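Hi everyone, thanks for coming. I'd like to walk you through one model this morning, going from charged pairs to the overall fold. Here it is on the screen.

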Amino acid sequence: MDSKTILYESCAQMGVCLTDKQIEQFLQYKELLLDWNQKINLTAITEEKEVMLKHFADCVSIVSAVSLQKNTSVIDVGTGAGFPGIPLKIVCPSLHMTLLDSLQKRILFLEEVIKKLYLENVFCIHTRAEDGGKNPEYREKFDYCVSRAVANLTALSEYCLPFVKIGGELIALKGPEAEQEVRQAKKAIQVLGGEVTEIKQITIPYIELRHTLVLIKKVRQTPSQYPRKAGKVLKNPII
């Protein structure tokens, strides 16, 4: 199968049927990713079919497991090359998507992707998560926060939960050690106003890739001292 077909079939097997327009947007995204990757470090995965499965289908797997309501606000913390935010926006065009990253070069790449793919209601923030989570413009303003390959769940909860409204959700795409991470992060999640509601196992078709989605509901306001300053989150975890 060519890369286009493998993406379509992989997503279809997860219950997500891509339109021709969405497939075209993913192909453009792939071209931009591989082109820019020669100038700045965006991904170590450069083989076309692997990009389709390990990046795109992997991100789309969120939609197969979680019903993202129309017109809701989503922030992708530590988005990097746009994962999972841009694939989610392609598949769910009504989402109001905010992409947060600390590196200006990556923000420039994301702005180019947004422009070339004609994506509407996508905003980029160049800041650290610790600073963004303290900013009244973003604090507790989002229905969902999504994150992939950023940090262990204890630190990730401190980076992400401050952005989530009460009643909203943090959706963390984690690896095979997710359940152990959830146990280790139990106190941090509670302190930050969260509650684990579900742990879902995900298998990406056509590739030996198993991921776990950890769903954390925001049940209380995050105390004002969180997130702490850069460096503290990782050096002195909430345990």
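Let's start with aspartate 143, which forms a salt bridge with lysine 165, their closest N and O atoms being 3.2 Å apart. By salt bridge I mean a side-chain nitrogen of Lys or Arg within 4 Å of a carboxyl oxygen of Asp or Glu. Aspartate 143 lies in strand β4 and lysine 165 in strand β5 (residues 164–174), so this pair ties together parts 22 residues apart in sequence. Helices (H or I, at least four residues) and strands (E, at least two) are DSSP runs, numbered from the N terminus.

Before I go on, a word on what we're looking at: this is a predicted model, where local features need pLDDT of at least 70, side-chain atom pairs count only at pLDDT 80 or more, and totals for chains, interfaces and linings use all residues. Residues are numbered from 1 along each chain as its sequence is written, and side-chain values use heavy atoms, with hydrogens and water left out.

Back to our pair: is it buried or exposed? Aspartate 143 is partly exposed, at 21% relative accessible area, and lysine 165 is partly exposed too, at 30%. The cut-offs here are under 20% for buried and over 50% for exposed, with partly exposed in between (1.4 Å probe, protein chains only).

Now take aspartate 58 and arginine 148, a salt bridge with the closest N and O atoms 3.0 Å apart. This one links distant parts of the chain: aspartate 58 sits in helix α3 (residues 48–65) and arginine 148 in strand β4 (residues 142–148), 90 residues apart. Both aspartate 58 and arginine 148 are buried.

Arginine 228 pairs with glutamate 158 in another salt bridge, at 2.8 Å between the closest N and O atoms. Here the link runs from the loop between β7 (209–218) and α10 (232–235), where we find arginine 228, to helix α7 (residues 153–160), which holds glutamate 158, 70 residues apart. Glutamate 158 is buried, with a relative accessible area of 1%. Salt bridges that share partners also join Lys30, Glu31 and Glu48 into one network. Across the whole structure, the search finds twelve salt bridges.

Lysine 89 belongs to helix α4 (residues 85–91). Beyond four places in sequence, its contacts (heavy atoms within 4.5 Å) include Met97, Leu119 and Glu120.

Leucine 119 is in the loop between α5 (104–116) and β3 (122–126), and leucine 119 is buried at 11% relative accessible area. Apart from neighbours within four places in sequence, leucine 119 contacts Gln25, Ile86, Lys89, Ile90 and Ile114.

**Zooming out**

Stepping back, the protein chain has ten helices and seven strands. Of its 239 residues, 56% are buried. Among contacts between residues at least 6 apart in sequence, 71% join residues at least 24 apart. The C-alpha atoms fill a box of roughly 50 × 35 × 30 Å along the principal axes.

That's my tour, and I'm happy to go back to any of these pairs on the screen.
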